[in-house]
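Subject: A structure for you to explore

Hi there,

Here is the structure I promised to pass on to you. Please open it and have a look around before you read my notes.

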Amino acid sequence: MWKKLLKSKFLLLTFCSIFLVNFIGNIPQLITTGKFLNPVFAQSAPLNIISQGKTVLINQKTVNLPWIQWQENNVIHTGVSDMNAEAILGLELMSTSSPEKQPVKWFNYHDILPAKFINPFRYLDITNLTKITALEINKNNNILELNLPSSQVNKVYEVPENQGKKIIIELDKPSFFQVSQGKDQAIITINAQASSALFDTIKPFKPLDTSGLQEEEGDEIREDKSPPKNNLFTVTNPDNKTLVNITLPVGNNIKVTSANPSLLLVEIKPYAINPRDISWNNDLFFSRKYINLNNNQDSFLVSSLMFNLKSFNVDLQPILPNNNTVIGTAPLKTTAQNSEAMAAINAGFFNRNNQLPLGAIKNRNNWLSSPILNRGVMAWNDMGEVQFDRVMVEEIITTDKGDRFINSYINSGYIQAGVARYTNSWGNNYTTLSDNEILVMVENNTVKDKIMARKAGEDSLTIPPRNYLLVFRSAKTLGDKININDQITLNTGTIPANFANYPYIIGAGPLLLLNNQIVLNGEAEKFSKAFNTQKASRSAIAVDNQGRMLLVAVHNRVGGNGATLAEFAQLLQRMGAVSALNLDGGSSTQMYLGGEIVDRSSATAARVHNGIGVFYRQK
């Protein structure tokens, strides 16, 4: 009897051991596929947060810098948003494989700061900075104050360099600083006064044109009437700050590194920007690296965000500047912050003049804007399933009299002869976009009103919720077939048909990769020859060979112009992408992470109509 019992216990223990070995061995796969709760959001008890905000006073100047304070072991800790801290304070973030540990450099301070992700920001614990540096932290109501002793810039000079150029900026003590780079110019703003002797060391030169570099809205570059100038840089001192304006040689970038004791080292060369990899949290990985093409003759600095859409923690959604209309543009940084996205990238095309969408935007099964011209799209659902292809909407409109119309445009700014449909998602009102439109208002599937409009922009009609408007353009014969009290039936589908089942779709084009093959065909998607061959900044959304999502941005090749579409497809393949969609490019190309644009200076990024946001899925 006891032998049978012992054997049963042995078999049970063996089974449990096998189960545990298999389960533990599969944990990495479960995490990758999102079947296992990611530990970054469940690692410990919630912080004892005592205050937080987004306004910081730096030496009496207000800036937007998300911050948080919490109590731990009777000590009050202060955290600031990591990417904002780099852009505003001058902290340099180094590569890290740990989301909770962030190596930083700031003058003579080189250390690893604790990092904590609290949706939607990753905060760096700067508490110890007060012990090692002269930084003071105070809180006044909902405003955090970061104060450094007043400093001054004593010298700015160029030093010999074998490759590229190098500028040394000498301060009497550490100071916060910001760097902004345009196409052929850069500005270093130092929160320090210029010494009276500084300008005596700078040789005069011809005036420098600063019109080519955009600043943030509301900011202004102000110079003294006769600022000292030199071949490479000029120095000005507005508002108790010191601005070093640098003329960048063609094809060069700038990197500013703070050094011991109180120096700023400015490198100007094609490869000035350093690669880095940052595990931002256990679901989101940021990378900046050089990728070579054309037999290694061309090198591109590529920024990317990688995440697993099948993770329980990650959600992906289209984002727009306004919740009540598809009309309008804004900086991606503003749109992402307002929507509380962790990360984002610019998305589809739009008309910059009238700020109307020109391509597919579908959110929660609602067509905010329909596809156009059979161009490429990416579709996904809440389970993280993703599909790429060229897509069109096919909507069959039928009257109770048997008349039948085919419509391919819903809430679209793309104007074509025929019929189009507009819903309340377009906005509360529709204003005519072309001359002599016929406007048909449908309520509860019944025609309630019919208006013969005049010139574009002269007539406007309210679109109540759950109603829609049929607009006939250069199609009087079709419009004449519909009358008040007619019953209307809609049957909305897509080509290919299965895309109608996806609640989220974003479109742009051309489609670059599909099933590990380059399928670039700009002509088939009705892009112009100039568009198909130009070299420009590029952005894309892709899925790699492990099923992970990639948001990608690339600007100029080292020492030259941007990438062609064909080169961009090859770059994505080098990154492991198997399917990829080109997004809007040029000045629209921009990538957002944790409060800041991370692939370019935000001052040079254009306003955009829509983007793709990466969200932490609230429990």
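Below is what was found in it, topic by topic.

**Before you start**

This is a predicted model, so to speak of local features a pLDDT of at least 70 is needed, side-chain atom pairs count only at pLDDT 80 or more, and totals for chains, interfaces and linings use all residues. Residues are numbered from 1 along each chain as its sequence is written, and side-chain values use heavy atoms, with hydrogens and water left out.

**The chain as a whole**

The chain has 8 helices and 49 strands. Here helices (H or I, at least four residues) and strands (E, at least two) are DSSP runs, numbered from the N terminus. Of the 619 residues in the chain, 52% are buried. Buried means under 20% relative accessible area, exposed means over 50%, and partly exposed is in between (1.4 Å probe, protein chains only). Among contacts (heavy atoms within 4.5 Å) between residues at least 6 apart in sequence, 64% join residues at least 24 apart.

**The nonpolar cores**

A nonpolar core is a set of buried Ala, Val, Leu, Ile, Met, Phe, Trp, Tyr and Cys residues joined through side-chain atoms within 4.5 Å. The largest one holds 127 residues, and Leu-146, Ile-169, Ile-190 and Ile-246 touch the most other members. Strand S44 (residues 549-557) gives this core its largest share, 6 residues. A second, separate core has 14 residues, including Tyr-123, Ile-319, Ile-597 and Val-608.

**Aromatic rings**

A search of the whole structure finds 17 aromatic pairs. Rings of Phe, Tyr and Trp (its six-membered ring) pair if their centres lie within 6.5 Å; planes under 30 degrees apart count as stacked, over 60 as edge-to-face and the rest as tilted.

Trp-106 and Phe-176 make a tilted pair, 5.8 Å from centre to centre with 40° between the planes. This pair links distant parts of the chain, 70 residues apart: Trp-106 is in strand S5 (residues 101-106), and Phe-176 is in the loop between strand S11 (165-171) and strand S12 (177-181). Trp-106 is buried, with a relative accessible area of 5%, and Phe-176 is buried too, with 3%. Trp-106 and Phe-176 also belong to one aromatic cluster with Phe-107 and Phe-177.

Tyr-409 and Tyr-414 form a tilted pair because their ring centres are 5.8 Å apart and their planes are at 50°. Is each of these two buried or partly exposed? Tyr-409 counts as buried at 15% relative accessibility, whereas Tyr-414 counts as partly exposed at 21%.

Charges can sit over rings as well: this requires NZ of Lys or CZ of Arg within 6 Å of the ring centre and within 35 degrees of the ring normal. The charged end of Arg-375 sits over the ring of Phe-527, 3.8 Å from its centre. Arg-421 lies over the face of Tyr-468, at 5.1 Å from the ring centre.

**Strands and sheets**

Two strands pair if DSSP finds at least two bridges between them. One open, antiparallel sheet has 4 strands in the order S33-S38-S35-S36. Strand S33 (418-423) and strand S36 (446-452) are at the edges with a single partner strand each, so one side of each has no neighbour in the sheet. Strand S35 (residues 438-443) and S36 run antiparallel and are joined by 6 bridges; Ile-438 has Met-452 in S36 as its bridge partner.

Next, look at strand S3 (residues 75-81). It is largely enclosed by the rest of the structure, because 5 of its 7 residues are buried. Strand S2 (residues 61-72) is joined to S3 by 6 bridges and runs antiparallel to it, with Glu-72 opposite Val-75. The hairpin of S2 and S3 has 2 residues between the strands, and Asn-73 there takes a positive phi near 55°. S3 also pairs with strand S7 (residues 121-125) in the antiparallel sense over 3 bridges, where Ser-81 stands opposite Tyr-123.

Enjoy exploring, and write back with any questions!

Best wishes
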